[in-house]
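Reader: I am new to this structure. Could you take me through some of its parts?

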Amino acid sequence: MRYFFLLLILCSLIAGCLTTSLPPVTEDFGLEDDEKRLWQRSKEEQRVLNNSGLVYRDNEIEDYLNKIAGNLQTPEILARIPFRIIVIKNPYLNAFAFPNGVIYIHTGILARMDNEAQLATLLAHEMTHCTHRHALRAFRDRKNKAIDLAAVQESQIGCDGAVDLLALLGSTGCMAAVTGYSREFETEADMVGIRLVLQAGYDPNEAPKIFEHLTKELAEEKLREPFFFGTHPKLQDRIENYRNFLDTRYQGKRTGTKNSEVFLTKLHKVILDNAFLDLKAGRFSTAQRGAKKYLKTKPNDPRAYYLLGEISRQRKKQNDTDRAKAYYKKALSIEPSYPDPLRAIGLLYYKEGKKTLAKRSFESYLSLSPHAPDRAYIKQYLAQCNEKKGS
Amino acid sequence: MKRLLLLLLLLLLITACAPWMQGRGLYESPKHSFTLDIPQKWMRLNTDKHLLISRDGPFLQYVLVQERHFDQPFRHTKKRFQRGMLPQEAAEVILDEISSDRSVFNFSVIENTPATVNRYEGFKIVFKYRNKDGLGFKTIYYGVIMGERFYSIRYNAAERYYFEKDLQTFEGVLNTFTITGAHAA
């Protein structure tokens, strides 16, 4: 009887274990039952995310990203997985793929890249998670090991930025974006991804640079290893993996296109908008770097000078007030009817007690922007400027 | 007798750890930095970190009063309050903190104006947002800078039904809010 029970338990264990060894998506690919449920779940989580107000809506940019993604895969694969790239307004460096081919990229990482070859590396990596069915394999693996996803999520609470994402994403997105995949899957995504990048004709030397951007970010923000691209293997190991792979497998064939100019022309708007997000997040150095990078493409855009002024005004390091004024004046010299630098420079004069200069700036601001959302504050400052002047 | 003593001890422990307690009447913060009147039938969360009161549960409505030193970092923005900041600049920091929170969806500012909380000059922000489940909330947030401390009193409620319903009660609470800390003028 005892042996019978043991046998029963063994049988149920075997029957309960689903294979995690799945072939990649090919032209005769069909969704398995649990995979269908995973895709359905992904759609539901994407619906929440897409209606959150966090999606960066710009058709031209989306078309460009989707075109690059489309060039990385064969038509057969594209017919099986409807890849779609969506940009998220978030200054932190991250990207994540849902199993149904919807890939979210933060503005932060797009703004940090230098060219199309780096973008292709990121997209190829994320697309490989989909084509090689990593979500399903990870899901089955966890199910087989009876590990509750909640426990995994709990273990990620200490990761910087992870808590926000946990609140935002459902379990499928969480697995992709926060907890990441195993060392095996991440390495597979790196190595298959680099092949796709090479096949598409991009310069593979640009591939490790994504990780170099991340390493720099870690150092600047004094962060631990990020959850981006999964937590394993470590960034430095992955840079080495890329280099070793290129040295051994593609010796002598390491050239290709970078398309830096096209990339920066297409994505310049993201660079500036993301720099404003960095300012909101209080990441002054990162915001400053973004504004200066943008100015290389658009040297006469007053918004970038206004942003540099705001960074200096809010950071308040030594000589920042003078720096801020100079940037605001530069913005106004390009576009005299730009109201925001007038308000900002007025605030600086007001705090310095230069009431006449402050009054002039505030009055110009309100005349250019009579319905400004902060007009109640400005009217209060003006009233006080008039009071002091009279007294 | 032994059992009775154990039971009593257990009862004492349970009541001492009760997360919510009746809080009607004058409330004085543990650091003696502010006071206010808690309205009838509202419960107070038993914590020293801040004052959180609610009648039907914080998911439906709450009033939260916080005091923070300038050194205390925010959770979502690395910006800090600084000495000599204007109320408008302090409001900007608070808005950046809230809008950088990734669990706040469809965030929109309805009003951002200078405001006086009793005799203290500060700001008033009114904003709306949705949570992950799509539920809409509305908040009125008052902030005051006093020396190197920032005081805030906010009313948050489900946008539908509850916000309007308890708005008057919040205004009553706001009128009794008094800063009594060392920096209070």
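Predicted model: local features only at pLDDT ≥ 70, side-chain atom pairs only at ≥ 80, totals over all residues.

Reader: How many bridges join E1(A) to E3(A), and do they run parallel or antiparallel?

Author: Five bridges join E1(A) to E3(A), and these strands run parallel. A:Arg84 stands opposite A:Val102 in E3(A).

Reader: And what about E2(A) and strand E3 of chain A: parallel or antiparallel?

Author: E2(A) and strand E3 (residues 102-106) of chain A run antiparallel and are joined by three bridges. Here A:Ala97 stands opposite A:Ile103 in E3(A). The hairpin of E2(A) and E3(A) has four residues between the strands, and in it A:Gly101 takes a positive phi near 95°.

Reader: Which way do the residues of E3(A) point?

Author: A:Val102, A:Tyr104 and A:His106 point one way from E3(A), while A:Ile103 and A:Ile105 point the other way. The strand E3(A) is mostly covered, since five of its five residues are buried.

Reader: Turning to helices, which ones does H6(A) meet, and where?

Author: One of its contacts is with H12(A): A:Gln118, A:Thr121 and A:Leu122 in H6(A) meet A:Lys209, A:Ile210 and A:His213 in H12(A). By class, this contact has two nonpolar, three polar and one charged residues.

Reader: At what angle do the axes of H6(A) and helix H12 of chain A cross?

Author: The axes of H6(A) and helix H12 (residues 209-221) of chain A cross at roughly 90° and come within 9 Å. The two helices, H6(A) and H12(A), are therefore roughly perpendicular to each other.

Reader: What about H16 and H17 of chain A? How do their axes cross?

Author: The axes of helix H16 (residues 302-315) and helix H17 (residues 320-334), both of chain A, come within 8 Å and cross at roughly 165°. Angles over 145 degrees count as roughly antiparallel, so H16(A) is roughly antiparallel to H17(A). The crossing of H16(A) past H17(A) is left-handed.

Reader: Which residues meet there?

Author: Among them, A:Tyr305, A:Tyr306 and A:Leu308 in H16(A), and A:Ala324, A:Tyr327 and A:Tyr328 in H17(A), take part in the contact. The residues of the contact of H16(A) with H17(A) divide into nine nonpolar, two polar and six charged.

Reader: A change of topic: where does A:Gln73 lie?

Author: A:Gln73 lies in the loop between helix H3 (59-72) and helix H4 (75-80) of chain A. With a relative accessible area of 11%, A:Gln73 is buried, because buried means under 20%. Leaving aside neighbours within four places in sequence, A:Gln73 is in contact with A:Leu78, A:Phe83, A:Met127, A:Thr131 and A:Leu196.

Reader: And in chain B, where is B:Trp20 found?

Author: B:Trp20 is found in strand E1 (residues 20-22) of chain B. This residue, B:Trp20, is partly exposed, with a relative accessible area of 27%.

Reader: What is B:Trp20 in contact with?

Author: Apart from neighbours within four places in sequence, B:Trp20 is in contact with B:Met43, B:Arg44, B:Leu45, B:Leu52, B:Ser54 and B:Pro58. B:Trp20 and B:Arg44 are 24 residues apart along the chain, and their C-alpha atoms are separated by 5.5 Å.

Terms used
Residues numbered from 1 in each chain as written. Chains lettered and ligands numbered in written order. Heavy atoms only, no water. Axes fitted to C-alpha atoms, helices over the stretch in contact; angles between N-to-C directions. Parallel < 35°, antiparallel > 145°, perpendicular 65-115°, else oblique. Left-handed = near helix turned anticlockwise from the far one by under 90°. Contact = heavy atoms within 4.5 Å. Nonpolar A, V, L, I, M, F, W, Y, C, P; charged D, E, K, R; others polar. Pairing = 2+ DSSP bridges. Buried < 20%, exposed > 50% of the residue type's maximum accessible area, 1.4 Å probe, protein only.
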